[in-house]
Amino acid sequence: NIARHLCGFNYVGESKTQSIKNILKNHNPNINCETHDENIHDYLNTNLDKLNNYDSIFVCVGDVGIEKRIFDLVSNNLISKPVVLIWAEPFCIACHAVVLNNNLESFSLLYNSKMNFVHSVLKNGDSFYKRESGCRSTYIPYSSHMIKRFLLDFLYSYLETNELIDNNFSYIWFGDLKLAKQEHAIIDDEFSSFKSFTYSIRKIS
């Protein structure tokens with residue numbers, strides 16, 4: 001999946017974590033970047049103290065099972081630092097960030113019984129998943145340019161919206177909504193009034 005990854009052909013054969021570290025260090029040699037190549041569940045079993053030394057924990061894996069594990073650790077007060085779950089819907093028609101500043105009573109406030117996010121913008125988002133030959137995982141099509149635009153908009157709100165510091169909240173960013181019609185994607189009625197390149201912030205209690 002080189003075409004979809006930050007790293008290129010020069011890093012074939014290296015782990016993704018080490019490759020990204022090399023790119024970051026080449027860009028700024030002064031940063032402190034530590035990588036771990038083990039299974040994430042094994043890491044969580046033995047490194048919670050280390051995680052709780054960070055200012056914030058960003059989870060960008062797009063895997064509901066891992067997100068559920070992180071959620072359980074937050075709910076049981078085993079992770080005490082803010083956690084940010086980030087993912088994109090197909091074509092970046094919408095992108096999401098869920099910020100957990102304190103524990104939630106139930107995972108169902110975020111995901112339904114089918115493990116779909118309760119505030120997904122697209123009704124038929126699952127139909128756009130793709131798989132490449134030789135790649136064990138599935139992926140969704142989206143533009144790296146749009147992802148960067150989403151991240152910049154979200155990080156500005158995350159760092160500047162002081163009234164949300166002590167609350168759990170969902171940040172929904174709307175990309176180029178014209179793509180929905182072009183790609184035969186169906187926008188949920190709940191979001192039909194939103195315009196392209198705007199966002200919605202909702203507290204989660």
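Modeller: Start where helix 4 begins: a side-chain oxygen of Asp-63 comes to within 2.9 Å of the backbone nitrogen of Gly-65. That is a polar contact (N or O atoms within 3.5 Å, one able to donate a hydrogen and the other to accept it; residues adjacent in sequence count only if both atoms are side-chain atoms). The model is predicted, so local features need pLDDT of at least 70 and side-chain atom pairs pLDDT 80 or more, while totals for chains, interfaces and linings use all residues. Residues are numbered from 1 along each chain, and side-chain values use heavy atoms, without hydrogens or water.

Helices (H or I, at least four residues) and strands (E, at least two) are DSSP runs, numbered from the N terminus. Helix 4 has 12 residues, which at 1.5 Å each should span 16 Å; its end C-alpha atoms are 16 Å apart, in agreement. The expected span is 1.5 Å times one less than the number of residues. After the helix comes Asn-77, with a positive phi near 60°.

Which residues of helix 4 are buried? They are Ile-66, Glu-67, Ile-70, Phe-71, Leu-73, Val-74 and Ser-75. Buried means under 20% relative accessible area, exposed over 50%, partly exposed in between (1.4 Å probe, protein chains only). These buried residues pack against helix 2 (40-46), helix 3 (48-51), strand 1, strand 2 and strand 3.

Strands pair if DSSP finds at least two bridges between them. Strand 1 pairs with strand 2 (residues 83-88) over three bridges, in the parallel sense. There, Val-59 faces Leu-85 in strand 2.

Contact means heavy atoms within 4.5 Å; angles run from 0 to 180 degrees between N-to-C directions of lines fitted to C-alpha atoms, for helices over the stretch in contact.

The whole structure holds 17 aromatic pairs. Rings of Phe, Tyr and Trp (its six-membered ring) pair if their centres lie within 6.5 Å; planes under 30 degrees apart are stacked, over 60 edge-to-face, the rest tilted. Trp-87 and Tyr-111 form a tilted pair, 6.4 Å centre to centre, with 35° between the planes. Tyr-111 sits in the loop between strand 3 and strand 4 (130-131), so this pair ties strand 2 to a part 24 residues away in sequence. Tyr-111 is buried, at 5%.

Helix 5 has a pair of its own. The ring centres of Phe-150 and Trp-173 are 5.9 Å apart and their planes stand at 50°, so this pair is tilted. Phe-150 lies in helix 5 and Trp-173 in strand 6, so parts 23 residues apart in sequence are tied together. Phe-150 is buried at 1%, and Trp-173 at 0%. Both belong to a ring-pair cluster that also takes in Phe-58, Phe-154, Tyr-158, Tyr-171, Phe-197 and Tyr-199.

Phe-197 is partly exposed, at 31%. Its phi is positive, near 60°. Most residues other than glycine have a negative phi. The C-alpha atoms of Phe-197 and Trp-173 are 6.9 Å apart, across 24 residues of chain. Beyond neighbours within four places in sequence, Phe-197 contacts Met-146, Arg-149, Trp-173, Phe-174, Gly-175 and Asp-176.

Cys-92 lies in the loop between strand 2 and strand 3, and is buried at 0%.
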